Amino acid sequence: PAIPAGKVGIRYGVLTAQVDEVQIHVSGKGGHAARPQHTTDPIGTAAMLVSTLYQAVPRRADSLVPTVFTVGSIHGGTASNVIPDHVEILGTLRSTDRKTREAVMETIRRVCEGLSSATGNTIEVTFRSPLGSVVNDVTVMSAYEASAIQVLGGENLVLINKPSMGGEDFAVYLDNVRGAMF
């Protein structure tokens, strides 16, 4: 989106991130806010979980490999004076390298297990992988590059030096045929 009209951006190899949707369910014993000692406080556990994941994920990912974990939604409870039994946390994991992705997913699982044990809540984590990375085929991208230079001139060609952490459903096409996105 940052490339001006009239120019073509190209990148060889990985263009976009693998996208994993992350669902985390924290379940335990709720109760009245005046007596938190009689609960397992799923809200408190959810807060600790988000904070711990935001600290742990960057420490487990290779700092030279783009990786992003973001929580976008937390839902739990309906009243200010009641600790709920359940909290749902929704987030996304975006990565450009399979090994790093697997290491971060394992870290998320282990943090959930550890906090479950420490707090007495059940924490279930589910990963959905709706989109893989767009990985541009070298031969196809070479043809695009030559065509862009021929049609627009070399001064209008922009080499994209880093992959986008966004997801792109074009990746599904590339699961079935050779291609490239520019």
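Q: How many aromatic pairs does the count come to?
A: This is a predicted model. Rings pair here if their centres lie within 6.5 Å. By this rule the count is three aromatic pairs.

Q: Are the rings of tyrosine 54 and phenylalanine 69 stacked, tilted or edge-to-face?
A: A pair of aromatic rings is described by the distance of the centres and the angle of the planes. For tyrosine 54 and phenylalanine 69 the centres are 6.1 Å apart and the planes stand at 80°. Planes over 60 degrees apart count as edge-to-face. The pair is therefore edge-to-face.

Q: How many residues apart in sequence are the parts that tyrosine 54 and phenylalanine 69 tie together?
A: Tyrosine 54 belongs to helix H1. Phenylalanine 69 belongs to strand E5. The pair thus ties together parts whose separation in sequence is 15 residues.

Q: What is the angle between the ring planes of phenylalanine 170 and tyrosine 173?
A: These two rings form a tilted aromatic pair. Their distance is 5.7 Å centre to centre. The planes of phenylalanine 170 and tyrosine 173 are at 55°.

Q: What separates phenylalanine 170 and tyrosine 173 within helix H4?
A: An α-helix has 3.6 residues a turn, so residues three or four places apart point the same way. Phenylalanine 170 and tyrosine 173 are three residues apart in helix H4 (residues 170-174). Their separation is therefore about one helical turn.

Q: Is tyrosine 173 buried or exposed?
A: Phenylalanine 170 has 23% relative accessibility, so it counts as partly exposed. The cut-off for exposed is over 50%. Tyrosine 173 has a relative accessible area of 56%, which makes tyrosine 173 exposed.

Q: At roughly what angle do the axes of helices H1 and H2 cross?
A: Two packed helices are described by the angle between their axes and the distance between the axes. The axes of H1 (residues 42-60) and H2 (residues 98-119) come within 10 Å. Their crossing is right-handed. The angle is roughly 145°.

Q: What span does H1 reach from its first C-alpha to its last?
A: H1 has 19 residues. At 1.5 Å a residue, 27 Å is expected. The reach of H1 is close to that, at 25 Å.

Q: Which helix is included in what covers the buried residues of H1?
A: The buried residues of H1 include Pro42, Ala46, Val50 and Val57. Their cover includes strands E3 (18-27), E5 (67-75), E6 (82-83), E7 (86-95) and E8 (122-131). The helix included is H2.

Q: Where does aspartate 41 lie?
A: Phi of aspartate 41 is near 50°, a positive value in a residue other than glycine. With a relative accessible area of 26%, aspartate 41 is partly exposed. Its place is the loop between strand E4 (31-32) and H1.

Q: What distance separates the C-alpha atoms of alanine 33 and serine 80?
A: Alanine 33 is found in the loop between E4 and H1. Not counting residues up to four places away in sequence, alanine 33 touches Ser80, Asn81, Val82 and Ile83. Along the chain, alanine 33 and serine 80 are 47 residues apart. Their C-alpha atoms are separated by 8.0 Å.

Q: Which residues does valine 68 touch, not counting residues up to four places away in sequence?
A: Valine 68 lies in strand E5. Its relative accessibility is 33%, so valine 68 counts as partly exposed. With those sequence neighbours left out, valine 68 touches Thr92, Leu93, Arg94 and Met165.

Q: Is asparagine 156 buried or exposed?
A: Asparagine 156 is found in the loop between helix H3 (138-152) and strand E10 (157-159). Leaving aside neighbours within four places in sequence, asparagine 156 is in contact with Gly6, Lys7 and Val8. Its relative accessible area is 19%, so asparagine 156 is buried.

Technical notes
Residues numbered from 1 in each chain as written. Predicted model: local features only at pLDDT ≥ 70, side-chain atom pairs only at ≥ 80, totals over all residues. Heavy atoms only, no water. Axes fitted to C-alpha atoms, helices over the stretch in contact; angles between N-to-C directions. Helix = DSSP H or I, 4+ residues; strand = E, 2+ residues; numbered from the N terminus. Left-handed = near helix turned anticlockwise from the far one by under 90°. Expected span 1.5 Å × (residues − 1). Buried < 20%, exposed > 50% of the residue type's maximum accessible area, 1.4 Å probe, protein only. Contact = heavy atoms within 4.5 Å. Phe/Tyr/Trp six-rings, centres within 6.5 Å; stacked < 30°, edge-to-face > 60°.
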